[in-house]
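Keep the model open beside the text as you read.

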Amino acid sequence: MYISYLYTTSSTASFSLQSTLLPILRWQWEGEIQLRTQGGGEKARILHQHGATGDVCTQHVPMQSECGKCSKMDYTPKRRRTHKPEKSALLEAYPHDLQLYKVPPIGQISLVEFQDLALERQKVLQLLELTLAQQHKSIDEIKLAFTSALKKEGYHAYARLVNALGCSSHTDIDLEARRRDHIAHFVLRLAYSLKDDLQNYMLTYETELFKLRFHSLNREGLTQFLATSGLHYSPVSQEFKEQNRQNLYMSTAKEGDFENTDFYELPFDKVVDLISDRKVYLHKGIAYVPQNDLITVFLTHFRTNLSIELNKARKFVLNNLDDERLQSFLKSLPECFTGMAKVVWNSQNVPIAKLNDLSKTSYPLCMRIMHEHLTTNHHLKNTGRLQYGLFLKGVGVTLEDSIEFWKSEMTKKEDCNEDKFNKQYLYQIRYNYGKVGRRVDYRPAGCNKLISEPVGPAEVHGCPYKHMDTDELTKKLLECHLPHSDVGEITKLASEGHYILACTRYFESTHKQPPARMFLHPNHYFQESRNILTIDEVKEETTVQDTYMPLSPEKISQPIKVKVENNLDTSNSVTPSRQIEKKVRTLDKKDKMDPTNIEALLNDDSD
């Protein structure tokens, strides 16, 4: 999507969406002049009053010419009208519930709607991210859970699109949902094109969203989608199907209803993955793909096309988009909802002497298990050292303290002295902090990676809610002094595959309240825990002070104020910084806490 903008003297702005790389600037001064230059020689209609008689001069003259009657130039003021597409125009533009987003939107929208659509789309993708992390067993279960989450958040238009059959309904509500979906995708494409990790995020979850919607299409919807998408894949005739019945049946024996399955002719190079899995019948360079496997072709095409268009969008935003309002909004959009799967970095140094206490109060269960295994057995296998070491880096343990911590624990084992530690384990610690090797600032692994990580014998890394059996998980939770009722609820969620919900329930049980925001990252869990416990500690300290010395009104400081400054440019620094200014109740102004610097790196853990 490329934007030309309409400036007005009022604070309300509307944006015209055009399919061109170079914005076409149109100026409008309310009550003075309106020019719409579309080509050479266009004429402007001139209307103005003559004297006190009220005569009106009405004629067509070329632009910048004078009125033949009074030698004056005047341009009639015109009210700016909000363009609202008629139903016929919307139906022509959006004949189907699903599209490949190849054609940019055309029309006018207000700046407010521009922003709302982008924020809505971003939130929808984050809800999908959370749904996928719950490890549902089938695509129908995913769709049901995602639809429920959308309706709960009030995104009924998207819930409708996820379950739409294709082209069976063309009500005003359907057409408006398609229009909003179209524009929102392109706006988000501009914002998420600016960084590689954002591009990867959009590629992943836009593809997953497309997959769910494609799965909902009925036969008529699929046929119409093939006709409107520009991909000419034709179904085979019934005669061909009968002649090659045995070969076609063998390729779909596990799919079930062969008689009602349509097959499509595709060039073999479009379905290499299906051929390698022996899921299609191949004859003379033509692959005969059953309807249920056709989604593989479209997902590959969709992702490839979106990847190319994201790179084009990045060039446009950097080279052609010079409107400061849009630049500011697009750059800050990815941070509007601090992602549930984002790394929360803390530059406040955490002393290693406090790690034992923190593991019992603020660690998620996965990290608590690794910490206790390390302090008990004085060893972790390679993946465990990697996951826990990066977690410690994220919570604020410095490189020097990390080396000291690992050395002090691992050298307690009889077969590991300091020389062996320096030779076998020191390099990996320095590597994690980006001091040796590729010198990359590695990020702690998120929940999705921990859940999908394989766990072998004698290994304790990964997600305990997935990798522990029910008896082992129950025993561990009881060791953490959780109530039996909570233990039963957590193990039930884990056995049903709701690993993130089980972790959230563990948080509620250990903190006696739910987290302020949902999380998909161990370091985010830790930060949510510290936010709650730190507030409790401040309240407790203030209560003790109030007991021994009364406070006068003039000595009470202002309520907590937080000022956050996001540094979006990470090219010259390892982590962007946020400055948080915090004021607490004290007896004297000189005892107020100084502003404390913390660092926050909000990047997903896709790699």
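## Terms and ground rules

Two strands are said to pair if DSSP finds at least two bridges between them. Strands (E, at least two residues) and helices (H or I, at least four) are DSSP runs, numbered from the N terminus.

This is a predicted model, in which local features need pLDDT of at least 70 and side-chain atom pairs count only at pLDDT 80 or more, while totals for chains, interfaces and linings use all residues. Residues are numbered from 1 along each chain as its sequence is written, and side-chain values use heavy atoms, with hydrogens and water left out.

## The chain as a whole

The protein chain holds 24 helices and 12 strands. Of its 607 residues, 45% are buried, where buried means under 20% relative accessible area, exposed over 50%, and partly exposed in between (1.4 Å probe, protein chains only).

A contact means heavy atoms within 4.5 Å. Among contacts between residues at least 6 apart in sequence, 65% join residues at least 24 apart.

## The largest nonpolar core

A nonpolar core is a set of buried Ala, Val, Leu, Ile, Met, Phe, Trp, Tyr and Cys residues joined through side-chain atoms within 4.5 Å. The largest one here has 65 residues, and the members that touch the most others are Phe146, Leu150, Phe210, Phe214, Leu294 and Phe298. Helix H11 (residues 294-319) gives the largest share of this core, with 11 residues. The core lies between domain 1 (87-223) and domain 2 (229-294), because both give residues to it; the domain bounds come from an automatic or database domain assignment.

Which residues does Phe214 touch, not counting residues up to four places away in sequence? They are Leu98, Leu222, Phe225, Ile295 and Phe298.

## Strand E10 and its partners

Strand E10 (residues 286-290) is largely enclosed by the rest of the structure, because four of its five residues are buried. Strand E8 (residues 263-267) runs antiparallel to E10, joined by five bridges, and Pro267 stands opposite Ile286 in E10.

Strand E9 (residues 281-283) is also antiparallel to E10, with three bridges. His283 stands opposite Ile286 in E10. E9 and E10 form a hairpin with two residues between them, and Lys284 in the turn has a positive phi of about 55°.

## Two loop residues with positive phi

Most residues other than glycine have a negative phi. His378, in the loop between helix H14 (365-377) and helix H15 (382-395), has a positive phi near 60°. His378 counts as buried, at 17% relative accessibility.

Lys512 also has a positive phi near 60°. Lys512 sits in the loop between helix H23 (499-511) and helix H24 (522-548). Is Lys512 buried or exposed? With a relative accessible area of 66%, Lys512 is exposed.

Glu113 lies in helix H2 (residues 111-132). Not counting residues up to four places away in sequence, Glu113 touches Arg179 and Arg180. The side chains of Glu113 and Arg179 are joined by a polar contact of 2.5 Å. A polar contact is a pair of N or O atoms within 3.5 Å; within protein, one must be able to donate a hydrogen and the other to accept it, and residues adjacent in sequence count only if both atoms are side-chain atoms.

His498 is in the loop between helix H22 (484-495) and H23, and counts as buried at 16% relative accessibility. Not counting residues up to four places away in sequence, His498 touches Gln134, His136 and Leu493.
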